[in-house]
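Please keep the sequence and the model at hand.

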Amino acid sequence: MSGVDQLHLNFNPEALQALNVILGIVMFGVALDLRVEDFRRVLRAPMAPGIGLLCQFFILPALASLLVLVFKPAPSMALGIMLVAACPGGNVSNFFTSLGQGNAALSVSMSAISTLVSIVMTPFNFMFWGRLNPHTAEMLRSIQLEPSDILMTVVTILVIPTLLGMFTAHYKPALARLLLKPMQLLSIVFMLVFILGALAANFHNFLQYVGATFFIVFAVNGTGLLAGYWVSRLARLSPRDARAVSFETGIQNSAFGLLLVFNFFGGLGGMALVVAWWGVWHLITGLGLALWWSKWNPVMVADPA
């Protein structure tokens, strides 16, 4: 194993508990914008959400694993990429979709469904692809992680706060409208500050491995955004729907991934560095792509490649 595989990052128990609470609050805030109608919309027109979930939970993990085989990062970094690719979509994907003139309703619907589907698909994808690669399989055996461990964390940190947020939106709509914008803003600030804090606390280690970390995150994140868009277009979805699927595929819930790294992998260096850097990098690429698309109305003009 390389040096980064034996590295364990600094992260105290109090900070880990704070991350649990913050992530729960973030998911509650995201769910304040969800309605039962979002799920009904999916049942009435399942094609676009179906393509989106295909990209998010099947194509992205497969592409991430393929790129790991091609570029051969350290095993712990490979596990980090597989983990973040297995996570549900990030909470800022809805904002980026709206800014980029994509189908915001589709994005919101997909976020809700992917969070629920992640109960099964996040542990399945991580363990399936992790065990398929001989280098990461050996590391997983040494960790002795059970899929049920991840499943319970998904339910506790993602699903329950999401259901509570939807309950509030349905039964207390006035309160939900009052809380929605402040919660969305605080969510982005909380997540960014926490991820940057994790990097800052281990800045020496990040600088030592920044080249390998940047390259693999750049490759998988870019591939995810492109795959989400072009698979959607090949499936004859509209440009607006394709933009939503692109963001849902390339913008992952990296904060949840970081929580899993410290909860179950003891802050394993390569994993933590990859997942934390993804949390910063996907904000840069997501915002850049959204601003680019915001210049092109997909209804009025041909969508730029």
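The second largest cavity is lined by Met 27, Val 30, Gly 89, Gly 90, Asn 91, Ser 111, Thr 115 and Asn 253. Helices α1 (13-31) and α6 (104-132) are the elements that give two or more residues to this lining. The model is predicted: local features need pLDDT of at least 70, side-chain atom pairs count only at pLDDT 80 or more, and totals for chains, interfaces and linings use all residues. Residues are numbered from 1 along each chain as its sequence is written, and side-chain values use heavy atoms, with hydrogens and water left out.

**Cavities**
- The second largest cavity holds about 50 Å³ of space.
- The count comes to 3 cavities of 30 Å³ or more.
- A cavity is a set of points, on a 1 Å grid over the protein atoms alone, where a 1.4 Å probe fits but cannot get out; lining residues have an atom within 4 Å of a point.
- Grid points are joined across faces, edges and corners, and a volume is the space filled by probe spheres set on the points.
- Helices (H or I, at least four residues) are DSSP runs, numbered from the N terminus.

**Largest pocket**
- About 360 Å³ of space lies in the largest pocket.
- Its lining has 16 residues, and the closest to the centre are Asp 33, Asn 94, Phe 95, Lys 181 and Gln 184.
- The elements giving two or more residues to this lining are α5 (93-99), α6 and α9 (173-201).
- Helix α9 gives the most, with 6 residues.
- A pocket is an open set of points with protein on both sides within 12 Å along at least five of seven lines.

**Nonpolar surface patch**
- Leu 66, Leu 69, Val 70, Phe 71, Phe 214, Phe 215 and Phe 218 make a nonpolar surface patch of about 660 Å².
- Patch residues have over 30% relative accessible area and no salt bridge, and nonpolar side chains (Val, Leu, Ile, Met, Phe, Trp, Tyr) are joined within 5 Å.
- A salt bridge is a side-chain nitrogen of Lys or Arg within 4 Å of a carboxyl oxygen of Asp or Glu.
- Accessible areas come from the Shrake-Rupley method with a 1.4 Å probe; for residues, only the protein chains shown count as cover.
- Helices α3 (47-71) and α10 (203-234) each supply at least two patch residues.
- The largest share, 4 residues, comes from α3.

**Two residues**
- Phe 218 sits in helix α10.
- Thr 168 lies in helix α8 (residues 147-171).
- Thr 168 has a relative accessible area of 13%, so it counts as buried (under 20%).
- Beyond neighbours within four places in sequence, Thr 168 is in contact with Phe 28, Leu 32, Pro 173, Leu 175 and Ala 176; contact means heavy atoms within 4.5 Å.

Notes
Patches are made of residues with over 30% relative accessible area and no salt bridge: like charges are joined within 9 Å, nonpolar side chains (Val, Leu, Ile, Met, Phe, Trp, Tyr) within 5 Å. Buried means under 20% relative accessible area, exposed over 50%, partly exposed in between (1.4 Å probe, protein chains only).
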